[in-house]
Amino acid sequence: SAVNALKSSLSSLDNLSQALEKDMNHYLTVTATEYVPDTDRMLFYVGFGGDGFKKVYNCPLRRRPVSESVDAEDLIVSNATTDLKNCGRITQRIRMRPAVLKRMQIMGVYRDIELSPPTIAKQNEVDKKLEEISGIKSNNKRPQDRDYELYEIYCELDLDQFAPKQFKGKGLPLPYRVTIEAESRAVLDVRRNWEADDKQCLPRQFFVQYPFIRGLGFYGLGYIHTLGNTVITLTAAWRETLDAGMYASFPGFLYDKQVGRQLTNQFRVPPGGGIPIEVGAQKRIQDAIMPIPYREVGAGFTSFIQHVEDVGRRLATSGSVTVGEGKQDAPVGTTLALIEQATKAIDAAHKRLHAAQAEEFQLLKARFRDDPEAFWRFNKNPTHAWAKDQFIEALNNCNLVPVADPNNPTSQHRIAKAMAIKELQKQSPELYDKMAVDMRVMQIIGIDPQGLFLSKETPAPPDPRMEAIKSKAEASKQQVQLQLQDSQLRAQTAQMTLADRQKD
């Protein structure tokens with residue numbers, strides 16, 4: 001009975017984990033419609049600028065947990081910080097529409113106080129340059145169209161009157177969240193930032209960092225840092241090449257002042273036509289007009305451009321690997337080594353992003369514990385009829401992790417490993433099941449093997465009469481063989497006796 005109870009418990013847990021997986025995928029793709037496009041945008045900034053940030057919180061307006069990206073310029077932390085968990089002060093700058101701010105005040109999230117309309121903020125040179133690059137110009141002349149600027153500060157404050165019993169009178173700063181309107185400096189919200197049942201009063205985490213390449217400080221490095229000078233050099237070289245080609249094909253020229261009496265120096269000769277030029281007495285046109293000796297770029301400059309491109313390609317770890325060309329019987333280990341050598345930096349970045357998304361999912365679990373009903377509130381057809389206690393049990397006993405494998409960042413890794421299994425099967429065919437190996441290879445590559453293999457026909461049961469005849473024939477055959485062996489033995493014995501008599 002104990003074994004049956006254990007099997008039933010494991011089966012129930014497995015069903016809950018599968019239902020949690022399906023409904024979580026539904027939540028991130030159907031319910032939280034902002035998650036996928038917002039994550040795509042954030043990942044672009046990760047590769048470009050080196051850092052992406054996610055904020056996972058319970059939105060009072062949408063009544064569900066939300067995971068949204070935060071621009072690096074809107075997250076203010078010390079550059080000496082190693083990571084967000086050990087940061088004593090995190091400030092997020094939030095631009096909020098007046099209508100949204102009023103809704104938050106009506107719902108009781110912020111203090112219901114009068115705020116003057118925001119004024120037009122003075123732009124610095126950096127903001128002007130960003131607007132010029134992006135093509136967006138903020139020109140809200142109406143006060144009601146301007147956004148409020150809020151600062152949401154996660155800090156530590158010594159508020160002894162609100163401290164729990166074990167910390168009263170200790171002078172210990174505890175974690176709080178303070179929201180301030182920037183222009184009026186009015187405090188809109190002060191809330192404790194620790195769990196109610198946490199005796200240590202440790203701060204709750206809301207932010208996740210997605211680094212591309214770790215730098216010396218807190219912020220990561222991206223392609224704009226590693227390839228910035230290379231791109232500038234290549235752009236200048238390409239422009240020089242284009243200009244040299246244009247001037248070599250359409251050069252400027254110098255002409256004699258006497259030619260200028262024609263009152264024009266723009267000669268457009270149509271095909272099959274001609275334009276008269278006054279060159280003076282006893283002069284040639286070549287003597288009156290001289291093209292400026294422009295020339296195209298030489299072979300040395302072309303090789304320099306190719307060298308810079310190769311350096312940039314290696315820095316970006318985007319070198320081409322001729323895996324499927326040339327020698328077809330190359331060892332799998334060599335192929336994997338080539339792939340890993342070409343994608344070493346990208347593999348490291350992929351592992352960092354994998355760990356960051358796993359941390360993001362853990363924060364989502366923590367936000368769902370605060371409001372369990374949000375998980376199925378907007379799902380009309382959930383996989384499982386969830387109850388609050390059952391959902392909390394599933395969150396406690398199941399892990400939410402990304403499906404991606406950080407050890408196989410590309411499909412080339414998976415294909416190479418699949419081919420390694422096939423090569424082992426070819427070398428030792430007596431040790432492996434061919435069909436099982438092919439099914440495993442297809443599973444790794446991502447191909448459904450359903451219906452690809454020939455079905456093995458089940459042999460028909462043997463006929464009892466034929467089996468009896470075969471058994472009788474086999475017995476007769478064995479009897480004949482025994483008689484033959486007996487006669488041979490007698491003949492050998494008689495020969496041996498005769499030989500002995502002859503000797504005697």
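Which residues make a nonpolar surface patch of about 410 Å²? I looked this up in a predicted model.

**Entry 1: surface patch.** I found that Ile415, Met419, Ile445, Ile447 and Leu452 make the patch. I then located Ile445, which has its place in helix H13, residues 434–445. I classed Ile445 as partly exposed because its relative accessibility is 37%, and this class lies between the cut-offs of 20% for buried and 50% for exposed.

**Entry 2: strand E8.** I turned to strand E8, residues 207–211, and asked how many of its residues are buried. I recorded 5 of 5, so that the strand is mostly covered, buried here meaning under 20% relative accessible area. I noted that side chains in a regular strand alternate between the two faces of the sheet. I therefore checked each side of E8 separately, with under 20% relative accessible area as the criterion for buried. Phe207, Gln209 and Pro211 are buried on one side, and Val208 and Tyr210 are buried on the other.

**Entry 3: pairing of E8.** I looked up the pairing with strand E1, residues 51–59, and found 5 bridges joining E1 to E8. The two strands run antiparallel. I also recorded that Lys54 stands opposite Val208 of E8.

**Entry 4: second largest pocket.** I noted a volume of about 570 Å³ for the second largest pocket. I counted 24 lining residues, of which Gln357, Phe361, Val401, Pro402 and Val403 lie nearest the centre of the pocket. Helices H1 (2–31), H2 (35–49) and H10 (344–370) are the elements that give two or more residues to this lining. Which element gives the most to the lining? I found that H1 does, with 7 residues.

Terms used. Residues are numbered from 1 along each chain as its sequence is written. This is a predicted model: local features need pLDDT of at least 70, side-chain atom pairs count only at pLDDT 80 or more; totals for chains, interfaces and linings use all residues. Side-chain values use heavy atoms; hydrogens and water are left out. Buried means under 20% relative accessible area, exposed over 50%, partly exposed in between (1.4 Å probe, protein chains only). Helices (H or I, at least four residues) and strands (E, at least two) are DSSP runs, numbered from the N terminus. Two strands pair if DSSP finds at least two bridges between them. Patches are made of residues with over 30% relative accessible area and no salt bridge: like charges are joined within 9 Å, nonpolar side chains (Val, Leu, Ile, Met, Phe, Trp, Tyr) within 5 Å. Accessible areas come from the Shrake-Rupley method with a 1.4 Å probe; for residues, only the protein chains shown count as cover. A salt bridge is a side-chain nitrogen of Lys or Arg within 4 Å of a carboxyl oxygen of Asp or Glu. On a 1 Å grid over the protein atoms alone, a cavity is a set of points where a 1.4 Å probe fits but cannot get out, and a pocket is an open set with protein on both sides within 12 Å along at least five of seven lines; lining residues have an atom within 4 Å of a point. Grid points are joined across faces, edges and corners, and a volume is the space filled by probe spheres set on the points.
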